[in-house]
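Please open the structure in the viewer and keep the selection panel at hand.

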Amino acid sequence: LGASAQSSVTLFGVVDANVRYVKNSGLSSNYGMSNSGLSSGRLGFRGVEDLGGGLKAGFWLESDVNADTGTISPTGKMFQRRSTVSLMGNWGEIRLGRDFSPASVHSFKYDPFGVIGIGGQNVTSRIPGAIASYYRHDNAVGYFTPNFGGLQAEFMFAPDEQATSNTGRHMSGRLSYDNGPVSVSLSYGTTNVAYNGTSTGKYKQLGLAGSYNFGVAQLIASMYRDDLPFGTYGTAGVTAGSEDRWLIGVNIPIGNDQIRASYVRTNARKGTAGYNDSDADKWAIGYVHNMSKRTSIYGTVSRVSNDGGANFAIAGGAPTPGGWSGNSTGAEVGIKHSF
Amino acid sequence: LGASAQSSVTLFGVVDANVRYVKNSGLSSNYGMSNSGLSSGRLGFRGVEDLGGGLKAGFWLESDVNADTGTISPTGKMFQRRSTVSLMGNWGEIRLGRDFSPASVHSFKYDPFGVIGIGGQNVTSRIPGAIASYYRHDNAVGYFTPNFGGLQAEFMFAPDEQATSNTGRHMSGRLSYDNGPVSVSLSYGTTNVAYNGTSTGKYKQLGLAGSYNFGVAQLIASMYRDDLPFGTYGTAGVTAGSEDRWLIGVNIPIGNDQIRASYVRTNARKGTAGYNDSDADKWAIGYVHNMSKRTSIYGTVSRVSNDGGANFAIAGGAPTPGGWSGNSTGAEVGIKHSF
Amino acid sequence: LGASAQSSVTLFGVVDANVRYVKNSGLSSNYGMSNSGLSSGRLGFRGVEDLGGGLKAGFWLESDVNADTGTISPTGKMFQRRSTVSLMGNWGEIRLGRDFSPASVHSFKYDPFGVIGIGGQNVTSRIPGAIASYYRHDNAVGYFTPNFGGLQAEFMFAPDEQATSNTGRHMSGRLSYDNGPVSVSLSYGTTNVAYNGTSTGKYKQLGLAGSYNFGVAQLIASMYRDDLPFGTYGTAGVTAGSEDRWLIGVNIPIGNDQIRASYVRTNARKGTAGYNDSDADKWAIGYVHNMSKRTSIYGTVSRVSNDGGANFAIAGGAPTPGGWSGNSTGAEVGIKHSF
């Protein structure tokens, strides 16, 4: 192990594991180990090359890391999180490959808990289970404008790669303004989807969010509207339809540490009467003790209250039987280390 | 991210993604994203240790990288491209593990487009679909002679690992001469194969190729003879038999850039009358703009003309129905970045 | 490939491939390539961060590398060997994730051949085939005491993650003393297991081992008791029950090289009369030529003698038919390179 000589690759990652307890009302409690309670586990390889004249080239290959079990992506994709090659100039960035959708950026950027752990807003969403490409798209062409004093836009187009159908085609964009304490963001996207076996339609994503950092606390508010034909999706047969999610959250610095809290309201829409009633609320609060910039220990508690026939439950609890529509309470304590 | 200290590992790779358009005659056109149009996507770890006295040890672990989708090998092999450990001395190199066959080196070395992208010669070959180990072999023992003024030979033996059958056994060798503008190569290999479910036979590979660099252009010519019993191969049930491929190609430098072009003729042989008639021609031309040694943008156009009942089509087009035997035209524009 | 700057990650690994010959008595001999005859093939990423005040954080992600075929874990786990995040202080180490069980450490630490290659003690054990988590456990919480002058203890608890059953729950511990020439170790573990389809019970592991380095030779002795309900295990339907294994081994240094040898006796217990008779002996001897600290070439010969109806055979030989209970003889010659 002597002296190395590679500026062309940066190796980076996050390993995050926690012990989680979940109690679904009326059922046995359960505990186990989970991962990515503070930051998504990952292992990545990335680099940027200066081509001169303001031009740069870059690549980014990033895997999941599920520290509790040693697995990566459940879909079998090695670089599930991102696999892109880019050209960058004073005109912005062109990016080709698998990447995060501009239409889904809200879901982690404007949530004190991101979309992960027991606190994340997607605990009470049917959409990630119904739409496999909810977060990321294969075959995507992305364009990012330069940053104009905090104002920036990004666009993605992912072709369907099908000669006689549009299923899978994705278009999305996001406009954001980040300057000092202020951050606001508006996004919209459409994906052609198949449902009920043979029907096709459009899944539309609308996001509006903002945050303001008062110093003593950062306040966050976000609204997410997932608009999709009511029906059965995917091979797992998830029944889903339109859904709104409102989130109010706060990050409170305590020295180097942080308190984070959020309230999420999920409102089912445009389906059957029963579906429309199946709403949910979620409260979450957590503490993050930052031992360094790279290492933190954290604890989170969270509670889901289902309305109507909604059956959202924190992952890791006792399996919920048909007709269950109670409360789900969770707690997790973990370690996050990045490199 | 402080200062590192590892001479023992070199991390390297290629990320190459492109936008591809394909039109199969009589069918809808299609477009999408593909990968590896200029250089095969890969992520690798390799190293060489000096043992003193002229001896060296080395290792090489190399994965596929399909940047468009974030996947690696379709076969599920992590180090599909190569996984070897070597000893090297003034007597040559002994190499153990999974590696490229000397009998297949021609297919990428003497082709302006390699075997990849829409320009590669294997677009009009049935063999890679029929013989799973066409390019690479597991369990291989390789020997490479020293380089004697440009003259070098390499050999591979991959045992079948079967007590009561020879199926899978591979032997191959290659003799090459590379000196200044001249490069010539002769290779031969045999692999024991199973076909028609229970029949066994020998798949014989013969390659002869050469190139000469006139400065204003490098001319390339290659001949490939794949000789195998006519029948049905593999779990996908590909019908294949003997096949010759002739290639004439050219690389023309334009400053740091490059024009590349090739003509490939595929001639089916020794099968049924219908099979023997199912030949094909392919033209391809492309331009490579090298932005640096590591980063290029490229564009390629290619056209396959099928004869008899041949049904070769550029990947990514509309699926060709039974009986289709038209033309396939493709274009792709992409970015390649290596590290 | 310029100068790098990453102290946060150490990339490490082993690539080990060999040519193996196996003769199972009464059957055709066979040869092929295998891997990990001297050291388990691996590719890993690890790092330690100093948090100040005696505290440290660390991570460890480690894959298998099967150099002969380019594959990693047969179970599809990317980081099959280890995926953990740790906090370390003068109070010891807390470790979360997938890791090696304290109850299985004996099997490689007190065996001149580890548990790998044709010489490893587990060639004559039914347990690794019956109990999938024999060596490693997902979801594990580990604790390692500080080292008190050579005395150290480690504990692991891996929850079952099941609300209405204990199947999969694992608890284990190990107490060891390593000081100068002396090494002794005692370990115990229990895992709740399912067998015969629907029955449940406890798999108990007891290990006691020690070694003494006389300078001219290191002597090793170990006893392993695997106590589990007699029955059929796993999806492969392996019939197994309790089993004792005694090992006597020796490592003899010859300059920088090494002779290693072992005798293993496997005694089946607490099953049917036929099962109890199915015992086995194994002899192994090998030579390791260390070309450097990182590179070795090695050769091993090994012979298994089955008693009663035991049918242990060295991997890679002709498949043994039902009722076979002969001898299995193997030889392998390989290269190991670490980085």
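This is a predicted model: local features need pLDDT of at least 70, side-chain atom pairs count only at pLDDT 80 or more; totals for chains, interfaces and linings use all residues.

Chain A can be laid on chain B with an RMSD of 0.0 Å, by a turn of 120° and a shift of 0.0 Å along the axis. The two copies are therefore related as by a three-fold rotation axis. Superposing chain C on chain A likewise takes a turn of 120° and a shift of 0.0 Å along the axis, with an RMSD of 0.0 Å.

**First stop: confidence in chain A**

Colour chain A by pLDDT. The average is 95, and 98% of the residues score at least 70. Next, select residues 1–5 of chain A, where the pLDDT is below 50. In the model this stretch has 21 contacts beyond near neighbours in sequence.

**Second stop: the interface of chain A and chain B**

Display both chains and select the residues in contact: 40 residues come from chain A and 40 residues from chain B. Together the two chains bury about 3200 Å², of which 68% lies on carbon and sulfur atoms. Within chain A, select A:E49, A:V85 and A:A163; these residues lose the most area to chain B, together 16% of what that side buries.

What holds for charged and polar pairs here? Between chain A and chain B the count of salt bridges is 0, whereas 11 residue pairs are in polar contact, both residues being at pLDDT 80 or more.

Now show the strands of chain A. On the side of chain A that touches chain B, at least two residues each are supplied by β1 (10–24), β3 (42–52), β4 (55–64), β5 (82–89), β6 (92–100) and β7 (136–144). Which strand gives the most to this side? It is β4(A), with 5 residues. Colouring this side of chain A by class shows 21 nonpolar, 13 polar and 6 charged residues.

Remain on chain A and select A:R42 and A:E62, whose side chains meet in a salt bridge at 3.7 Å, N to O. The pair links distant parts of the chain, with A:R42 in strand β3 and A:E62 in strand β4, 20 residues apart. Over all chains, the structure holds 63 salt bridges.

How many residues of chain C are in contact with chain A? There are 40, and they meet 40 residues of chain A. The area buried between chain C and chain A is about 3300 Å², 69% of it on carbon and sulfur atoms.

Chain C and chain A have 0 salt bridges between them. Across their interface, 11 residue pairs are in polar contact, with both residues at pLDDT 80 or more.

By class, the side of chain C that touches chain A divides into 21 nonpolar, 13 polar and 6 charged residues.

Methods. Residues are numbered from 1 along each chain as its sequence is written. Chains are lettered from A and ligands numbered from 1 in the order in which they are written. Side-chain values use heavy atoms; hydrogens and water are left out. Contact means heavy atoms within 4.5 Å. Buried area is the accessible area (1.4 Å probe) that two parts lose on being put together, summed over both. A salt bridge is a side-chain nitrogen of Lys or Arg within 4 Å of a carboxyl oxygen of Asp or Glu. A polar contact is a pair of N or O atoms within 3.5 Å; within protein, one must be able to donate a hydrogen and the other to accept it, and residues adjacent in sequence count only if both atoms are side-chain atoms. Ala, Val, Leu, Ile, Met, Phe, Trp, Tyr, Cys and Pro count as nonpolar, Asp, Glu, Lys and Arg as charged, and the others, Gly among them, as polar. pLDDT is the predictor's confidence in each residue, from 0 to 100. Copies are superposed by least squares on the C-alpha atoms of residues with pLDDT of at least 70 in both. Helices (H or I, at least four residues) and strands (E, at least two) are DSSP runs, numbered from the N terminus.
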